[in-house]
Amino acid sequence: MSTLRNQTWLLLGASGGIGRAILAGLLERGARVLVAGRHPEALADQFAGDQVVPVRLDLNSEQLGMSLQDLITTQGLPDGVIHCAGINQFGAMEASTDSLLSNMLNVNLRSPMVLARELVPAMRERGAGSLVFVGSTFGSIGFPGYSAYCASKFGLRGFVEALRRELADSPLAILYMAPRATCTAMNDAQVNAMNKDLGNHMDSPERVASAIFRAMDRGNASLYLGWPEKLFVRINALWPRLVDRALRKQLPVIQQYLHKGA
Ligand SMILES: NC(=O)c1ccc[n+]([C@@H]2O[C@H](COP(=O)([O-])OP(=O)(O)OC[C@H]3O[C@@H](n4cnc5c(N)ncnc54)[C@H](OP(=O)(O)O)[C@@H]3O)[C@@H](O)[C@H]2O)c1
């Protein structure tokens, strides 16, 4: 386990299921953690001492860039950032609203871009820094009932890949971590039941966090969690028709759950 003692990390999504497990890992490694979110005090109050620092940040805000500049001014430039915030809602595309679509695109896709834009120049000047983005298996496989979420996560994967290549001549680490379905509040009882019916495995947040830290320690540029999901990611890239056919067979079950939510 690599130490992060004397380092400050910024964690977005620390109040979420995977975020809490990542927060525990950062603290165990000795980092000081800036927990940024809409209600950061509620989380920070659970920790004594000054290792956890609450920072208010709404990733859906138009003023996100300015808020990040303020954060750097008041807290200093963090050694690393883990973007583990996200929004998802299982449902048919025709049932989506404009506000859901813009919220999802802002939090899942626009905020990682703004974050990189605001932090990369100063990290480059300092000569060190890590940006870790949490994507999803659904950033590589389009899945019925998740079209907007898939669009945002496909976008995130493309963004991180391009950014990593753009900064390949710099000492910065740019990582993309893609969990499969995970047991957190992001998935309601209906989604959990559907995953069970479809035979889709769900990981614990702790398992996801350990895999992320392992990948960070090894400096892996990307991580796809779970078997057979990582195989499906490859198959979908090479032979998407095969995945079309497999998902077509599962569609009646998926539709049952889509209609239950209607
Ligand atoms: N759970 C899964 O099945 C799964 C699978 C693959 C990938 N992922 C990805 O893993 C990451 C973490 O997911 P999770 O399962 O831990 O989700 P979660 O338990 O629902 O937590 C979501 C987190 O995002 C934060 N967030 C949402 N909107 C925000 C906003 N406008 N401003 C600031 N923070 C905001 C929430 O903070 P608040 O306290 O403010 O609500 C919360 O901390 C996400 O990127 C997700 O897409 C999850």
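This short talk describes the fold of one protein, from its overall dimensions to its sheet, its helices and the surroundings of its ligand.

Good morning. The structure is a predicted model, in which local features need pLDDT of at least 70, side-chain atom pairs count only at pLDDT 80 or more, and totals for chains, interfaces and linings use all residues. Residues are numbered from 1 along each chain as its sequence is written.

Let me begin with the whole. The protein has nine helices and seven strands. Helices (H or I, at least four residues) and strands (E, at least two) are DSSP runs, numbered from the N terminus. The C-alpha trace spans about 50 × 40 × 35 Å along its principal axes. A compact globule of 262 residues would have a radius of gyration near 18 Å, and the protein, with 18 Å, agrees with that. This radius is taken over C-alpha atoms, and the globule rule is 2.2 Å times the number of residues to the power 0.38.

I turn now to the sheet. Seven strands form an open sheet in the order E3-E2-E1-E4-E5-E6-E7, with parallel pairing. Strands E3 (52-56) and E7 (222-224) are at the edges with a single partner strand each, so one side of each has no neighbour in the sheet. On average, neighbouring strands are turned by 15 degrees against each other, direction ignored. Two strands pair if DSSP finds at least two bridges between them. Strand E1 (residues 8-12) and strand E4 (residues 80-83) run parallel and are joined by four bridges. In one of the pairs, Trp9 has Gly80 of E4 as its bridge partner. In the segment before E1 we find Asn6, which has a positive phi of about 70 degrees although it is not a glycine.

Next, the helices. Axes are lines fitted to C-alpha atoms, for helices over the stretch in contact, and angles run from 0 to 180 degrees between N-to-C directions. Residues are in contact if their C-beta atoms, placed from the backbone, lie within 7 Å. Helix H1 (residues 17-28) lies across E1, E2 (32-37), E4 and E5 (130-134), at about 170 degrees to E1. Helix H7 (residues 205-218) also packs on the sheet, where it touches E5, E6 (173-178) and E7.

How do H4 and H5 lie relative to each other? The axes of H4 (residues 98-126) and H5 (residues 147-166) come within 9 Å and cross at roughly 10 degrees. That makes the two helices roughly parallel, a term for angles under 35 degrees; over 145 is roughly antiparallel, 65 to 115 roughly perpendicular, and the rest oblique. Their contact includes Leu101 and Met104 of H4 and Phe159 and Leu163 of H5. By class, it has 12 nonpolar, three polar and one charged residues. Here Ala, Val, Leu, Ile, Met, Phe, Trp, Tyr, Cys and Pro count as nonpolar, Asp, Glu, Lys and Arg as charged, and the others, Gly among them, as polar.

Helices H8 (residues 229-238) and H9 (residues 240-260) pack at about 120 degrees, with axes 5 Å apart. That makes H8 oblique to H9. In the loop between E7 and H8 lies Pro228, and the peptide bond from Trp227 to Pro228 is cis, with omega near 15 degrees.

Finally, the ligand. It is surrounded by 28 residues, of which the closest are Ser15, Gly16, Ala85, Gly86 and Thr184. A residue counts as near if its C-beta atom, placed from the backbone, lies within 6 Å. The shell has 12 nonpolar, 14 polar and two charged residues, and its largest share, three residues, comes from H1. Thank you.

Conventions:
Two residues are in contact if their C-beta atoms, placed from the backbone, lie within 7 Å.
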